[in-house]
Amino acid sequence: MALPTLSVVDYILLILLLLSSAIIGAVFGFIKSKKSSAKEFLLADGGMGVFPTALSIMVSFLSAITLLGTPSEVYMYGTMYLYQAISWIIASTLTALVFMPKFRELNCTSAYEYLEKRFDRSVRMCASFAFSFFMLIYMAIVLYAPALALSQSKLFIQYQIRKRQIVTILATGLNIWISVVSIGVICTFYSSVGGMKAVIWTDVLQAVVILVGLLAAIIQGFIALGGVRAAMSIASKGGRIEFNSVSLDPRVRHTVWSLLIGGSFNALSTYGFNQTQVQRYMCVRTTRGAKQALFINAFGATIIIWLSGIIGLILYAYYAECDPFTAKYVTDIDQIFPYFVMEVLSGIKGLPGIFLACVFSGSLSTISSGLNSLAAVIIEDVYKGLMGKTLTDERQGLASKIFSIVLGAVVMLLTYVVSYLGSILNAALSLFGVLSGPVMGAFFLGFFFPQANSRGGFIGFIASLLLQLWIFLGAQITKNQMKSERLPLSVANCPTLVNITTTLTTSTRSNPLIDFYSISYMWYTPIAVGTVVIVGLIVSYITGSQKPNEIDPKLLISVSDLCCCCLPKRMRDWFRCGIIENGYFEKKAENDIELPISEEFDKVRNSFCSQTFSTDTKDTFPSDIVIENVVEKGHDNPAMTMKD
């Protein structure tokens with residue numbers, strides 16, 4: 001029996017995807033690029049449309065890990081995870097109405113500039129380094145995911161041998177490192193050459209490929225199982241369809257409360273305060289357009305999550321009586337979906353190629369977004385913020401391209417390291433949430449608590465980070481002592497007898513903190529945010545809290561204006577904790593010193609004023625400057641142009 005393997009059509013589809021991405025980068029880098037500026041490279045000149053930006057926001061963190069991990073999550077634990085779709089809607093809505101308008105008002109290229117304005121440089125640097133570290137690790141894992149998918153052709157050899165069938169050894173598919181290098185090089189090329197415009201438009205292409213790939217797998221899966229009703233019946237009998245876990249125990253992996261509350265915090269840390277997403281909001285022409293993009297993203301992300309969950313149910317229905325993971329046909333649970341594609345869909349030429357293009361697209365979108373955002377953080381926060389250097393706009397644009405190339409090479413090298421981590425991959429993904437929680441907490445402390453000072457922000461961040469690392473490392477060390485929540489799997493009807501090895505564990509002394517370490521990972525971000533806020537406020541009061549008139553009101557978000565707009569003005573002022581809109585500026589005015597003006601200067605000033613208010617203004621301004629009080633192309637701010 002011949003081995004199912006990638007056909008010529010499958011390879012053509014993969015090559016077309018990579019070439020299309022490279023061509024888009026070349027078009028925006030060499031043809032449509034007007035100037036090599038930082039604003040164009042990092043923010044697409046602030047002129048992107050709503051729909052392409054919405055798709056880019058959607059796929060930036062819907063990576064290959066999501067496309068492979070969500071089906072295996074439902075396969076092993078059931079459909080409770082699909083409440084994440086509601087969490088993403090909540091997070092997108094809060095970001096659109098509360099946080100995104102504030103970032104656009106502050107007009108920051110790096111989101112972490114705000115932390116220096118609100119606290120000091122140390123808090124900004126902590127957040128920037130935390131973001132940079134987990135994005136590098138995350139991108140390396142995302143880059144390795146398609147290689148994981150491509151390795152299934154070799155696993156299929158094992159399956160055929162176990163069935164004791166005669167096999168013909170054919171090409172086993174692409175080498176893992178060929179796929180890693182090809183994705184890394186193409187992604188680095190179009191990200192560094194085309195900038196944010198190329199990243200967003202390739203994200204549009206990749207979003208379409210992802211949707212087509214998921215739909216193709218679902219349709220063929222239902223056909224193979226004899227219809228939707230048959231598949232859902234098997235999944236229901238196996239206990240995979242579940243939406244009613246309402247336990248209040250924080251140790252339960254997934255409940256309605258952990259997914260809606262903890263999941264919303266997790267998603268908000270991505271949508272509201274992650275540099276990758278904040279840059280997208282700055283690319284849209286208007287704040288209203290950015291809001292529309294976030295709402296479209298919420299709808300699209302919900303569809304992707306639910307389609308991935310349906311695939312998980314199809315996988316269980318197909319392998320209900322012979323689980324490939326238990327039977328050792330696959331070495332990792334995340335290989336279930338690619339294994340299914342090679343076994344079931346390989347009979348139709350092109351379908352495996354569509355699936356692999358789907359997984360490749362998930363990786364390309366995440367890595368390209370990460371490279372661009374990391375370049376922005378390194379230049380804005382490290383080079384200009386920490387080192388105090390200055391660059392012209394064009395030189396900063398060139399530096400951004402160079403950093404993108406260097407970072408792309410670093411990610412490919414880290415992927416080689418990640419390939420040796422094995423089961424630690426899941427731990428590395430949990431580390432992503434561990435590091436993003438304290439960053440989100442620092443923003444919460446700054447936006448909503450005017451009493452917090454710089455010491456409170458810094459110590460609160462460090463305390464939260466240490467607590468998260470403690471829980472994370474404790475959970476990794478004691479995970480063998482924790483109760484498994486995996487649903488039962490069967491190998492009753494496997495073609496050959498499967499030897500299941502049961503490891504007998506000796507009685508060991510249980511860790512006294514096992515209950516603490518067993519807290520569901522969904523609660524990590526709420527714990528981190530709460531720690532920053534509580535510790536930050538305590539330290540601020542001990543060291544002398546901020547006075548209301550010492551804070552620029554633009555750096556705060558008033559809860560009273562958001563939630564209590566119908567209350568009397570006196571009550572709203574009380575909720576503002578004494579912050580008066582004009583108090584900060586009145587204090588600045590009081591500190592200004594009026595210098596004496598000489599009679600000669602007074603004469604010159606009066607002469608200039610008489611010219612200014614004269615009806616003949618041709619000599620008032622130089623002839624090469626025209627000031628136009630217009631809103632150009634629907635942008636939020638007036639435009640000032642200069643004649644050539």
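This is a predicted model: local features need pLDDT of at least 70, side-chain atom pairs count only at pLDDT 80 or more; totals for chains, interfaces and linings use all residues.
## Basis

Local features need pLDDT of at least 70 and side-chain atom pairs 80 or more, while totals for chains, interfaces and linings use all residues. Numbering starts from 1 along each chain as its sequence is written, and side-chain values use heavy atoms, without hydrogens or water.

## Overall fold

The chain has 24 helices and 2 strands. These are DSSP runs: helices are H or I of at least four residues, strands E of at least two, numbered from the N terminus. Of the 644 residues, 52% are buried (under 20% relative accessible area, 1.4 Å probe, protein chains only).

Contacts mean heavy atoms within 4.5 Å. Among those with a separation of 6 or more, 87% join residues 24 or more positions apart.

## Helices H5 and H12

H5 (residues 84–106) packs on H12 (residues 275–283) at about 75°, axes 10 Å apart. The axes are lines fitted to C-alpha atoms over the stretch in contact, and angles run from 0 to 180 degrees between N-to-C directions. The pair is therefore roughly perpendicular (65 to 115 degrees).

Thr95, Met100, Phe103 and Arg104 of H5 meet Val278, Tyr281 and Met282 of H12.

## Cysteines

The count is 1 disulfide (cysteine sulfur atoms within 2.5 Å). Cysteine 322 and cysteine 494 form it, with sulfur atoms 2.1 Å apart. The S-S torsion is about 105°, so the disulfide is right-handed. Cysteine 322 lies in the loop between H13 and H14, cysteine 494 in the loop between H18 and H19, 172 residues apart.

Cysteine 322 is buried at 12% relative accessibility, and cysteine 494 is buried at 11%. Cysteine 187 is buried at 0%. Cysteine 358 is buried at 2%.

Key. Buried means under 20% relative accessible area, exposed over 50%, partly exposed in between (1.4 Å probe, protein chains only). Angles under 35 degrees count as roughly parallel, over 145 as roughly antiparallel, 65 to 115 as roughly perpendicular and the rest as oblique.
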